[in-house]
Amino acid sequence: MPPPATPNLNRRLLLQTLSAGTSFWAAPALWAQTTAAPGKIAAQAHPTGLDGNIDSNGRLVVVFLRGAYDGLSALVPHADPHYYRLRPNIAIAAPDGSAQSTLALDAQFGLHPALAGLAPLWQQGLLGVIPAAGSPDPTRSHFDAQYHWELGMPSLSGAGTGWLNRLAAPFSRTVALGVGEANPLMLSGPAPVQLVPRGLAATRQGVLGDERTRQAVMNLYSGDDALSKAFRAGADSRIQTAQTLSAGASQNAMMRSEMVAANNGAGSPQGLLLDAQHLGTLMRQNRHLRLGFLSAGGWDTHANQGAANGNLAQNLGNLSTALLQLRRDFSEANDVVLVCSEFGRTTAENGTRGTDHGHGNALWLMGNAVQGGRWHGQWHGLAPDRLHEGRDLPVHHDFRAVIAQVLLRSQGLDRHALALLFPGFAWDASLNGLMRA
Amino acid sequence: MDTTPPELALLQRRNTLKRLASGASLLGLSGRQAWAQASDSTSSTATLDAWRAMSRVGYGPSPGLISTLQSAPNARTWALAQVDAAFAASQTRPLVAPDLVTFNASLPQLFEGVQRERELRTQNKTERLVDLNAEASRHLDFSAPLDPAYFNRTVQQQTAVWRLGSCSQPDAENPLLARMTEFWFNHLNVFVGKGQVRPFTGHYLVSVARAHALGKFEDLLLASARHPAMLYYLDQVQSVAEGSPGPQGRTRGLNENYARELLELHTLGVNGGYQQTDVRALARVLTGWTVGPDESNGFRFNQRLHDNGRKAVMGQTYPSHLLGGGEREGAEVIRWLARHPATAQRISLRLARFFVADQPPPELVARLTQSYLASQGDVRVLMKELLASAEFWHPEQRLFKTPMDFACSALTATQTQTPSTGAGPVDRRHLTLALGFLAGAGQPLHGWQTPDGYPFDAATWLAPEALTRRADFALSLTRQTPELEFLSPFLGTATRAALSRERPALRAGLALASPDFMYK
């Protein structure tokens, strides 16, 4: 909610500039061969426009966990006595080899047992993590923090162009796909994006499947107005989506319970698997799609979050299954999956065996180009004097700096383009080893 | 609960309306002629006003509502008169069909039903409970006796049926009251998908959102704060003074969830000037506020679990010298927050967005804020100001329908037109379709998971594929619906021309799927 008089007019102006979208962001040079990136990046410049030519840049999938997931339960600092002091009832037990305890990754960190399925990816060096990342803005409002993440601009709230949409802008074809939400902010903006609903609804053509009815409906939207154009684009996209997914459905062994869960429309973590399958199928069949977005809710665990078992464990188990599914579809050289949340939760459990809103959080990266099998960046433990405001994990690494490393390496963006994408962010050289050379 | 007399009265009224609407349309035209009529009536102010009044004050036209409007001097007068009419209606019990009454039973009865289901499920852990009403439940048919092992599910479904009925039968529920109930339920959102909240969502809808829809905001806010649905949803039920005794010799303490959202979403807004220390202090003020399963209002203040220490929330100290401590602290801070200028501004802006435009004129918001402060948050005063404003009626202030708007307006337009199926006043199959549509569109009924409530703007809901799903819903809803000629005057020339060329059987669905029907 903007206050009546804002002292931040310059921010507003910036927002308007960015909302203007294409004019600001249209220079294809932004996507040209990178000069700063190391290694064998095969990004190609397409001076006449970027479609029509599938380059070897990877695909990027963002999995956004809405509600602030408890990273300290996912990536457990099992060697830190403060962790067990702060969380007498909900800490994940130190590794003891049992399925009720932390699965050790190294001397410091381990995985929640519900994430055990991801351990092989860690061992193969395909999964990495930044334990204390996030937004430099200290807000503890879910909604403000989500704005910041989705616009890619900490401290900026309100309507605007999502950073995935800005990334999609130079292309004349649709290159971005969202599965699940009606219109997630991270994808919204002037560049066209494909939005597919959650669950099995995505597989149906509905009235468009019948030639005569379709024609009758299309006749209502034959005009040149924006709504008619949107409808026609939607009809094309939907028919293709449904055809692709129906063809792919036999390949996906979907359990009935998952389908049912996916159809409740509430963005349940159970539904994430089906959405991940849909995203994978659509991006496999249409190679122009290179930016993907998925989300799941239900992470705001203020009370009774459980430990090795319980609500959070169940959510993490579902997340793990969905990530393994994504790994199947996004395993080319430069494909990267990013798993993130708007902020972390309090290091200490609260009075109701849950956790309240915190600050820094663990951010995960999966892909062949990721320097996986290890954690990156700073970590100073959970001693009281190491915490943000005496209670939360600090943000040692700006989320934009993390994403910038990924984009530089796997999407062929250069430093100049990154500075335009994330105005005001600072390159974080301490993360330079995040991606493989 | 005795609901028979008003139900009968309603049916009689509906029959009268059916006679009015049957046969020739209200325009005296029919079929192709109605759709193809040459004069472009949509451009006339009277038609535009009527559409806006019916679609924003309520959920769109039905033949009955059109004739009601026609008997008023004009649409603007009618709209303004709805404020007092809706207030009067809010002070009476809602009409609830006889097979739906469980959802609106007393809170002790609801708690008892929940307890009974829990016991049955514990006893039958090893055996599978036979779901005798599974098939009936899928069709929203509650004629069989309620199975106590499925109490929660039944109550949730009854709530959904009542809600969609109240938002699509302007002769059963005052349309503005249904609108305001939506606004407040969403402003003080609870999520039916959270297990403990589930059986209380319908009661919350009726006794909090509806009952206080046109009263003082602070009374609404307090009712919400004390209701089991909210107490469970934002975990207030468990939040107690730090170090309070817990089970097995362990201690319990504070949970910040409700306190934060009370400041951020229900009242001041995120830039309202509070700090993290205020969130903590407010949570401490509210310790001891919990559910009371045996109390008629479902609320209990547990003095033993209350933090009696000195707390300061935004400069206000509790306990205060004037009012004392304990439960009064919470009531006092909630009223103080409700009267705060930042709250006035936030509520005014949200009302203007809901009723006027995604980016409402700042002058209107400023006037509403002044009215709010002058009236101490009297919603009737605000709504009169809003509905009398030039901004509300200005044709350039367009609003794209949310999925909820779309579903309810389509139901409103079709219900009285559907040949009777013997299923009662509302065709439950239509409601099943509507619930599926809402879930697929990302706005499941009572199913918004996070406490911010759903947005109302086109930026959220106007998405290409989603538009085509509106057409799906419109066409499946109208498989047996006669042409909706009464909509003709509100549709543009191009749409009417397109409809006149189509088979009559498709016309009702196409009218609802048309671009004209997407705006309110």
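1. Let's begin in chain A, where strand E5 (residues 127-134) and E10(A) run antiparallel to each other and pair over five bridges. Helices (H or I, at least four residues) and strands (E, at least two) are DSSP runs, numbered from the N terminus, and two strands pair if DSSP finds at least two bridges between them. Within this pair, A:Ala133 sits opposite A:Asn361 of E10(A). Strand E9 (residues 336-341) of chain A also pairs with E10(A) in the antiparallel sense, over three bridges, and there A:Leu338 stands opposite A:Leu365.

2. Before going further, please keep in mind that this is a predicted model: local features need pLDDT of at least 70, side-chain atom pairs count only at pLDDT 80 or more, and totals for chains, interfaces and linings use all residues. Residues are numbered from 1 along each chain as its sequence is written, while chains are lettered from A and ligands numbered from 1 in the order in which they are written.

3. Is strand E10 (residues 361-366) of chain A enclosed or open? Six of its six residues are buried, so the strand is largely enclosed by the rest of the structure. Here a residue is buried if 20 or more other C-beta atoms lie within 10 Å of its own, exposed if 12 or fewer, and partly exposed in between, with C-beta atoms placed from the backbone.

4. Those strands belong to an open sheet of eight in chain A, with mixed pairing and the order E7-E6-E8-E1-E9-E10-E5-E11. At its edges are strand E7 (193-197) and strand E11 (397-398), each of which pairs on one side only. Elsewhere in this sheet, strand E1 (residues 60-65) and strand E8 (residues 291-296) of chain A are parallel and share six bridges; A:Leu294 in E8(A) is the bridge partner of A:Val63. As a reminder when you look at the side chains, in a regular strand they alternate between the two faces of the sheet.

5. Chain A has another open sheet, this one of three strands in the order E2-E4-E3 with antiparallel pairing. Its edge strands, pairing on one side only, are strand E2 (75-76) and strand E3 (103-104) of chain A. E2(A) is joined to strand E4 (residues 110-111) of chain A by two bridges, and A:Leu75 faces A:Leu111 in E4(A).

6. Turning to chain B, you will find 25 helices and six strands. Of its 520 residues, 55% count as buried.

7. B:Val114 lies in helix H6 (residues 107-123) of chain B. Why does B:Val114 count as buried? Because 20 other C-beta atoms lie within 10 Å. Leaving aside neighbours within four places in sequence, B:Val114 is in contact (C-beta atoms, placed from the backbone, within 7 Å) with B:Phe151, B:Asn152 and B:Pro199. B:Val114 and B:Phe151 are 37 residues apart in sequence, yet 6.7 Å apart in space, C-alpha to C-alpha.

8. How do the two chains meet? In all, 54 residues of chain B are in contact with 53 residues of chain A. On the chain B side, H23(B) gives the most, with nine residues. By class, that side has 23 nonpolar, 19 polar and twelve charged residues; Ala, Val, Leu, Ile, Met, Phe, Trp, Tyr, Cys and Pro count as nonpolar, Asp, Glu, Lys and Arg as charged, and the others, Gly among them, as polar.

9. H23(B) also packs against H25(B): their axes come within 8 Å and cross at roughly 150°. Axes are lines fitted to C-alpha atoms, for helices over the stretch in contact, and angles run from 0 to 180 degrees between N-to-C directions. The contact involves B:Arg470, B:Ala471, B:Ala474 and B:Leu475 of H23(B), together with B:Gly509, B:Leu512 and B:Ala513 of H25(B). These residues divide into five nonpolar, one polar and one charged.

10. Finally, B:Ala407 is worth a look. Apart from neighbours within four places in sequence, B:Ala407 is in contact with B:Ala434, B:Phe437, B:Leu438 and B:Phe473.

Terms used
Contact = placed C-beta atoms within 7 Å.
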